[in-house]
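Me: I would like to learn how to read the contacts in a model of protein and DNA, one feature at a time. Could you take me through them, giving the general idea before each case?

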Number of protein chains: 2
Amino acid sequence: MRPNKRDELVRKALQVFYRDGFHATGMDKLVVETGVSKTSMYKHFRTKEELILAALQLRDENFRKWFLQRVDELSDTPAEQLIASFDVLGEWFQEDSFRGCMFIKAGAEYQEQDHPIHVQAAEHKHLMLEFLTDLARKAGARDPDALGCQLLLLQEGAIVTAVLVKSCDPARDAKAAAQVLLDNVLA
Amino acid sequence: MRPNKRDELVRKALQVFYRDGFHATGMDKLVVETGVSKTSMYKHFRTKEELILAALQLRDENFRKWFLQRVDELSDTPAEQLIASFDVLGEWFQEDSFRGCMFIKAGAEYQEQDHPIHVQAAEHKHLMLEFLTDLARKAGARDPDALGCQLLLLQEGAIVTAVLVKSCDPARDAKAAAQVLLDNVLA
DNA sequence: TTGAATGTGTACAGATCGGTAACCTTTTTC
DNA sequence: GAAAAAGGTTACCGATCTGTACACATTCAA
């Protein structure tokens with residue numbers, strides 16, 4: 001593999017960006033944390049922004065692959081998988097390294113609608129929405145688009161709440177709410 | 001009023017922080033945007049962090065006052081007010097200056113659980129949760145805490161989605177979901 | 001064996017970061 | 001009217017920011 005170091009740079013940079021934030025992470029810190037020299041970084045990526053975009057892309061691939069696989073492992077039918085997705089969220093929340101959703105944070109730090117980082121964050125959310133909408137359709141929901149959106153709201157809300165509100169168990173509450181919404185639409 | 005300029009400084013700083021983010025807003029930019037000299041700033045606030053905390057406190061007061069008042073104007077009964085709160089969210093989303101929830105962003109930029117800014121962001125969310133839980137109790141919900149949490153999830157999710165997902169109408173979808181959850185618990 | 005490609009270390013440029021010192025002007029208060 | 005509080009101006013500190021220049025080491029393939 002030629003671009004070996006490059007992949008490792010992106011992998012480690014992703015961890016630091018996720019842990020500390022984007023503006024709060026300087027290139028010098030990345031040199032220390034990744035062990036890759038600054039000169040090499042700027043040979044692979046012309047700007048910090050390009051490195052962030054690469055990290056976000058990797059995060060999207062890793063996260064969605066893990067998420068979809070776990071959902072698939074937990075349940076068989078589309079309806080059950082929609083519910084199981086909230087158990088997967090719960091698993092995520094309990095990881096030590098959990099620090100909220102990287103794409104929500106990216107969209108928050110780069111707010112301009114047409115900023116490449118904001119756009120990429122939005123694309124991830126669209127893919128997650130698509131996943132839910134597809135399952136809703138396969139489950140036979142009356143209005144799959146509406147149900148998909150509503151379940152996405154619950155998921156996003158659960159993620160944000162898991163970060164900020166310690167008095168809640170967002171994964172449990174969201175799962176219960178999702179069950180009610182699903183029953184209401186399938187019955 | 002003695003601390004007149006101070007209040008105006010906080011008011012304008014709040015706008016800039018909300019628009020551009022915290023790390024992305026330097027004190028020099030604040031000098032230009034607020035018209036207050038840097039020396040004056042540092043006479044009122046010893047650090048940038050103190051200024052951010054003051055801005056967040058003002059935001060909490062302003063936002064909650066506005067939100068609760070609008071909910072009260074739109075409906076009379078607790079159950080109706082729970083639903084109406086999603087219409088108020090919709091009004092917020094359509095403001096030109098809407099840039100998401102300042103406290104979600106604050107919690108995202110300052111992730112350490114015990115960081116003063118993170119703590120203050122969490123307090124705002126707890127107050128919003130309390131508001132919903134109280135209404136749920138008055139509305140006669142079976143488990144007001146659970147319903148309050150679930151409605152909070154929908155609200156937080158709607159805010160995040162309003163920022164990142166343009167193909168949805170989060171306020172409408174969240175309102176419909178809230179109605180289902182409410183009916184399920186009151187019936 | 002030569003020569004790209006790919007890597008590193010170091011030093012630096014120019015801007016900006018949060019924060020301060022010293023001095024002057026305006027406004028308020030007694 | 002004088003003292004004192006508050007605000008402004010200018011210049012600066014050391015640190016850090018993104019990004020670059022240059023010289024040197026490693027790998028690997030023709």
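**Reading the contacts**

Reply: Let us begin with one residue: A:Thr161 lies in helix H8 of chain A, where helices (H or I, at least four residues) and strands (E, at least two) are DSSP runs, numbered from the N terminus. This is a predicted model, in which local features need pLDDT of at least 70, side-chain atom pairs count only at pLDDT 80 or more, and totals for chains, interfaces and linings use all residues. Residues are numbered from 1 along each chain as its sequence is written, chains are lettered from A and ligands numbered from 1 in the order in which they are written, and side-chain values use heavy atoms, with hydrogens and water left out.

Me: Is A:Thr161 buried or exposed, and which residues is A:Thr161 in contact with?

Reply: Buried means under 20% relative accessible area, exposed over 50%, and partly exposed in between (1.4 Å probe, protein chains only). A:Thr161 has a relative accessible area of 1%, so this residue counts as buried. Contact means heavy atoms within 4.5 Å; leaving aside neighbours within four places in sequence, A:Thr161 is in contact with A:Cys168 and A:Pro170, and also with B:Leu152, B:Leu153 and B:Glu156.

Me: How many residues of chain A are in contact with chain B, and what area do the two chains bury between them?

Reply: Buried area is the accessible area (1.4 Å probe) that two parts lose on being put together, summed over both. Here 45 residues of chain A are in contact with 45 residues of chain B, and the two chains bury about 3500 Å² between them, 70% of it on carbon and sulfur atoms. On the side of chain A, the residues that lose the most area to chain B are A:Gln111, A:Leu153 and A:Leu164, together 20% of what that side buries.

Me: How many salt bridges and how many residue pairs in polar contact are counted between chain A and chain B?

Reply: A salt bridge is a side-chain nitrogen of Lys or Arg within 4 Å of a carboxyl oxygen of Asp or Glu, and the count between chain A and chain B is zero. A polar contact is a pair of N or O atoms within 3.5 Å; within protein, one must be able to donate a hydrogen and the other to accept it, and residues adjacent in sequence count only if both atoms are side-chain atoms. Between chain A and chain B there are 10 residue pairs in polar contact, with both residues at pLDDT 80 or more. H8(A) supplies the largest share of the side of chain A that touches chain B, 12 residues.

Me: What surrounds DNA strand D?

Reply: DNA strand D has 17 residues around it, with A:Met27, A:Lys38, A:Lys48, B:Thr39 and B:Ser40 the closest.

Methods. Near = heavy atom within 4 Å.
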